[in-house]
Each structure stands twice: as structure tokens, then as C-alpha cells.
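Here is a friendly walk through one structure, from its sheet to its aromatic rings. Have a look at the model first, then read on.

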Amino acid sequence: MGALWTEEMILDDLLQSFHRFFGLDVIESTPIKRGWLNLKWKIKTEAGDFLLKQYNKERYKKYIPEELLFAFSQQVRLYNQGLACPNLLSYREKTLFESDHGELFMVMEYCQGKLIEPGKANAHQIYDLGRTTGKMHRSLNDGTIGIKNSPQFIPPSREERLAHWNSVWVQTKESGKTHLLANIETQIKATEDMHMEILELLQLGWAHRDLWVDNLLFDDNRLTAILDFDRLKYDYPQLDVARAVMSCAVDDHLEVSLAEAFMEGYKEERNVAEGYLTYSLQLLWYMESTWWINANMDQHSVPPARFAKEMIWLAENQKNIQTLLANM
């Protein structure tokens with residue numbers, strides 16, 4: 001499909017293919033302006049409401065198709081086990097479709113609920129998120145889909161990470177962005193102070209790997225859906241725990257009572273050792289900090305700016321987070 005095609009033309013192409021696969025007429029379509037590059041619409045049919053998701057060709061290049069299809073299969077398996085997530089529509093056992101004009105798309109049930117702002121979960125919502133996350137991890141790691149030899153994220157050595165930060169510091173200074181140097185120096189100091197042995201205490205397993213507020217729906221008292229399983233991989237389930245807590249319980253500071261509520265729910269489904277959340281947050285920082293803290297962080301759009309803020313907070317609190325959380 002040429003570059004001159006508009007969103008309306010893409011939607012028309014997708015709806016024709018949707019009708020061909022599922023025999024349903026679309027009564028109304030409403031664009032959903034969320035996410036990066038991929039287009040989404042809420043579509044209303046006589047059989048109910050669905051979400052239509054187009055995969056942008058450039059973004060799709062970042063996926064390994066077999067891994068994406070595997071993630072879809074696990075989403076369906078989790079849905080069938082009662083997890084709060086949307087079911088995917090299938091046709092002849094396929095869940096990823098190609099339109100007449102070569103657009104890749106999927107269709108899932110439309111889930112009710114609302115998005116919350118980062119750091120604005122209440123105790124009921126985050127408790128239920130913890131319980132549901134624990135259930136998801138228990139199901140994903142019940143032996144059905146086996147294990148892999150290594151995780152998606154292989155933590156670099158302290159020396160490698162310090163070399164990275166020193167390079168970023170030089171690049172930032174040479175760019176004349178001296179106002180950013182203190183944030184990078186904070187990352188350097190936190191890397192120097194990190195107890196690297198905690199990386200040997202982490203548990204491998206299947207994880208969602210994108211568990212932040214844009215992929216969560218709530219009502220006033222509970223989680224209604226976990227969305228977007230595209231990044232599901234064999235990695236560290238603790239990354240999901242830390243990402244959810246940082247996204248839902250950190251505003252200007254970490255609200256410890258909300259972190260406690262998440263872990264209370266999580267422990268209903270999984271047994272965890274003392275310090276589980278503490279180590280989870282340190283792992284999240286060690287993985288994500290290099291994604292968001294860089295010489296161009298002053299040009300971040302809203303979500304990356306939020307993630308950078310989280311990484312700065314984690315680095316600043318590297319040495320006292322265990323005390324702050326009472327080794328939770």
C-alpha cells in the first residue's frame with residue numbers, strides 16, 4: 001500500500017477484509033489514538049464491539065513473526081483460563097490476518113474499563129492488578145509451554161554498563177546539554193553502588209514485559225483487562241511486577257502502601273521470597289535505564305519522559321529502596 005494512503009483508506013481496506021473473514025458488517029468505527037504507529041479502532045457490529053488493530057509495516061519489522069503469533073496463542077490460552085484479557089478472533093485457526101492491500105491486522109473483543117494516569121491507582125485497583133499478575137505468571141509458567149535456555153534480557157556486567165554511561169555523559173556534554181549531566185551522573189553512581197549479586201537471585205520465566213498503565217484497564221475497584229501481549233517473552237516475571245508498581249504507584253514518590261497492596265494480591269497466586277519487589281525494581285532499573293536516559297531525553301514525548309522520570313527516581317533511591325520497602 002502506497003505512502004499516500006490515508007487512515008480512512010486503510011480502515012476501509014481492513015473493514016472489507018474483516019467482513020470477508022467474519023461475515024460481519026461494521027455499524028460504527030471509532031479511532032483509538034494510543035500506542036506507537038499501529039492504528040486501532042473500536043468497531044461496533046451486530047455481534048458486539050471489537051477492537052481492530054493494524055500493524056504498521058515499519059513497526060512490524062521489529063517483531064519476529066513466529067514470536068508474535070506465539071504471544072497471541074498465549075493470550076488466548078490465558079483468556080480461556082479466566083484471565084482478565086481480551087479474546088482474539090480467529091479464522092481457520094489464524095489470529096493475524098492480511099488485508100486485500102497487504103495490511104496486517106488482528107481483531108479482539110473490546111474490553112470495558114478506563115485508563116488511569118501514571119501513579120494514580122487506588123489500593124483496590126492495584127491489589128487486583130497484583131492478584132491478576134500473579135495468576136498470569138502462574139499460568140504462563142505452569143510447564144505447558146516449557147522454558148528457554150536464556151532470558152530475553154541478559155544483564156551486562158558493571159564494567160560494560162559504566163562504559164555505556166560514560167559514553168552517554170561525553171555525548172551529552174559535547175551536545176552542550178549540561179543541564180542533563182546530573183541525571184546521567186546519578187545513573188553512574190547507582191551503577192557503581194549496585195549489588196550485582198542480586199542478579200543471581202532472580203527467577204526466569206515467561207512474562208508480559210509491557211505491564212504499564214497504557215496496557216491496563218480498570219473500573220473503580222478492580223482491574224478489568226490486561227492488554228497488548230505483543231512483547232511476551234521468556235525473561236524475568238519480576239520485570240512485570242516492577243513495571244506495574246512503578247507505573248501505578250509512583251507519582252513524585254513511591255506510595256509504599258500501594259506497593260504493599262500489589263504484593264498482597266500477587267502473593268495470593270504465587271509464593272515469593274523476601275525482597276522480591278526490592279530486587280524486581282533494581283532489575284527493572286538495570287534493564288530500562290539505558291532505554292530512556294540519554295543525550296536526547298529532553299526531547300522525549302510524554303510516555304518516554306515518564307519512563308525517564310521513573311529511572312531517575314530508581315537511581316536516586318538505589319541505596320535506600322530496601323529500607324523504604326522494608327525488604328518487601
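Strand S4 and strand S5 (residues 104-109) run antiparallel and are joined by two bridges; strands here are DSSP E runs of at least two residues, helices are H or I runs of at least four, and both are numbered from the N terminus. Glu98 has Leu104 in S5 as its bridge partner. Helix H1 (residues 7-22) packs on the sheet and touches S1, strand S2 (39-45), strand S3 (48-55), S4 and S5, where contact means heavy atoms within 4.5 Å.

This is a predicted model, in which local features need pLDDT of at least 70 and side-chain atom pairs pLDDT 80 or more, while totals for chains, interfaces and linings use all residues. Residues are numbered from 1 along each chain as its sequence is written, and side-chain values use heavy atoms, without hydrogens and water.

The sheet is open, with five strands in the order S1-S2-S3-S5-S4 and antiparallel pairing (strands pair if DSSP finds at least two bridges between them).

Now to the rings. Phe, Tyr and Trp rings (for Trp, the six-membered one) pair if their centres lie within 6.5 Å; planes under 30 degrees apart are stacked, over 60 edge-to-face, the rest tilted. The count comes to 20 aromatic pairs. Two of them are listed here:

| Pair | Centre to centre | Plane angle | Type |
|---|---|---|---|
| Phe18 and Phe50 | 6.5 Å | 55 degrees | tilted |
| Tyr55 and Tyr60 | 6.3 Å | 70 degrees | edge-to-face |

Phe18 and Phe50 are buried (under 20% relative accessible area with a 1.4 Å probe, protein chains only; over 50% is exposed, in between partly exposed). Tyr55 and Tyr60 are buried too.

Key
Axes fitted to C-alpha atoms, helices over the stretch in contact; angles between N-to-C directions.
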